[in-house]
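I opened a new notebook page for this one. These entries record what I looked up, in order.

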Amino acid sequence: MSNRIGFVFKMGQAATVQSSTAVKLRRKLKAVERNAHGLWQILKAVASTDHPLLAHLIPIRRCNLACTYCNEFDDFSKPVATDLMLRRVDKLAELGTSVVTISGGEPLLHPELDAIIARMRQRRVVSGLITNGYLLTPDRIQRLNRAGLEWLQISIDNVNPDEVSKKSLKVLDRKLQNLAEHAEFHVNINSVVGGGVSNPQDALAIGRRALELGFSSTVGIIHDDSGQLQPLADDERRVYHEMKQLEKRSFTRVNAFQDNIALGRPNQWRCRAGARYLYICEDGLVHYCSQQRGYPAIPLEKYTVSDLRREFYTEKSCAPHCTVSCVHQVSILDAWRAPQRPAPVSEPAGGLVQIE
Ligand code: SF4
Ligand code: SF4
């Protein structure tokens with residue numbers, strides 16, 4: 001009897017090893033496909049400035065957590081109707097958008113998220129997802145594989161939960177192991193230093209764990225609870241530089257702008273929000289970014305190439321101290337061309353939230 005149990009156990013182990021090898025193989029094949037697609041998108045982006053490179057699309061504002069520094073969630077909103085979400089994906093594809101990232105709130109609370117991701121695949125738009133990870137069971141991850149998700153990011157704020165954030169390595173480690181075992185898409189773990197994070201060393205522990213599990217790792221600098229950026233303290237800066245070394249090992253990132261932010265210095269750059277980057281809120285309005293909601297606030301279905309062209313050339317007065325790293329990254333592609341003009345006083349740029 002005990003021999004039989006031993007045999008069944010070994011068979012079970014062999015099946016697990018085989019399935020995790022198959023997942024790794026599929027992940028590698030998908031990475032080759034993703035890199036080829038990425039190269040094509042870069043060539044397309046260099047050839048023409050008349051299309052967005054990245055859009056953040058919000059399917060639900062509600063979140064199952066309540067991080068105290070966050071101004072992007074509520075605890076009551078209903079999911080956006082799926083047919084509206086599919087139309088928004090179609091419209092972004094018609095505008096020639098290269099990558100659409102689903103964000104929130106917590107996007108996994110949308111009951112038909114898989115259908116939205118699958119539509120992106122049908123429309124040949126690269127699909128990404130930013131989640132707090134709490135709802136990632138093996139079954140949920142396999143559904144994301146089947147929908148065709150290409151990359152996923154979880155931001156982890158600390159090792160142990162505290163009053164600021166429950167996005168903690170201790171709580172999420174099981175979810176990360178699920179991802180390592182089942183995800184066929186790329187996984188990036190972002191950690192943070194700066195305002196509100198009580199132990200800067202946590203970022204290093206999170207980054208090392210991410211690499212150990214085969215993910216890439218990045219670091220962000222967050223503002224304090226009044227929305228302002230403070231130069232990093234000495235110990236935070238040390239951790240930040242160690243994290244940058246980890247990043248280099250895992251992923252080539254274009255975020256040198258953060259070095260200036262770490263020192264409290266402004267950046268000189270051309271923010272292409274509203275053109276190369278779009279933020280589509282749950283009401284279907286196009287905004288510059290999550291921190292500048294209200295401008296230009298045009299319904300996505302009415303957004304045209306002339307809107308893209310206008311915003312491409314419009315200077316954003318909030319740019320020098322901006323920390324929105326995805327907009328910095330997409331704007332780098334056009335840094336060498338097309339100087340911008342200040343927004344006319346009648347236009348909204350004068351009313352943008354100023355980050356100091
Ligand atoms: S998990 Fe994300 S969306 Fe939810 S409150 Fe925290 S930072 Fe905001
Ligand atoms: S906050 Fe940053 S990304 Fe947003 S509009 Fe201003 S400069 Fe651009």
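**Ground rules.** I am working with a predicted model, where local features need pLDDT of at least 70, side-chain atom pairs count only at pLDDT 80 or more, and totals for chains, interfaces and linings use all residues. Residues are numbered from 1 along each chain as its sequence is written, and chains are lettered from A and ligands numbered from 1 in the order in which they are written.

I then looked for its partners (strands pair if DSSP finds at least two bridges between them). Strand 2, residues 99-102, runs parallel to strand 1, with four bridges joining them. H56 has T101 as its bridge partner there. The chain gets from strand 1 to strand 2 through helix 2, residues 82-94, in a right-handed β-α-β crossover (clockwise from first strand over helix to second, with the strands pointing away from the viewer). Strand 7, residues 277-280, also pairs with strand 1 in the parallel sense, over four bridges. I found Y277 of strand 7 opposite L54.

**Helices 3 and 4.** Next came helix 3 (residues 113-122) and helix 4 (residues 138-147). Their axes are 8 Å apart, at an angle of about 25 degrees (lines fitted to C-alpha atoms over the stretch in contact, with angles from 0 to 180 degrees between N-to-C directions). The two helices are therefore roughly parallel (under 35 degrees; over 145 is roughly antiparallel, 65 to 115 roughly perpendicular, the rest oblique). D114, I117 and A118 of helix 3 meet R143, L144 and A147 of helix 4 (contact puts C-beta atoms, placed from the backbone, within 7 Å).

**L86.** I picked L86 in helix 2. L86 is partly exposed because it has 18 C-beta neighbours inside 10 Å. Leaving out residues up to four places away in sequence, L86 touches I116 and R119.

Which peptide bond ending at G105 is cis? I noted the one from G104, with omega near 10 degrees. G105 lies in the loop between strand 2 and helix 3. The bond from Y295 to P296 is also cis, with omega near -10 degrees. A297, in strand 9, has a positive phi of about 55 degrees although it is not a glycine.

Methods. Contact = placed C-beta atoms within 7 Å. Buried ≥ 20, exposed ≤ 12 C-beta atoms within 10 Å, placed from the backbone.
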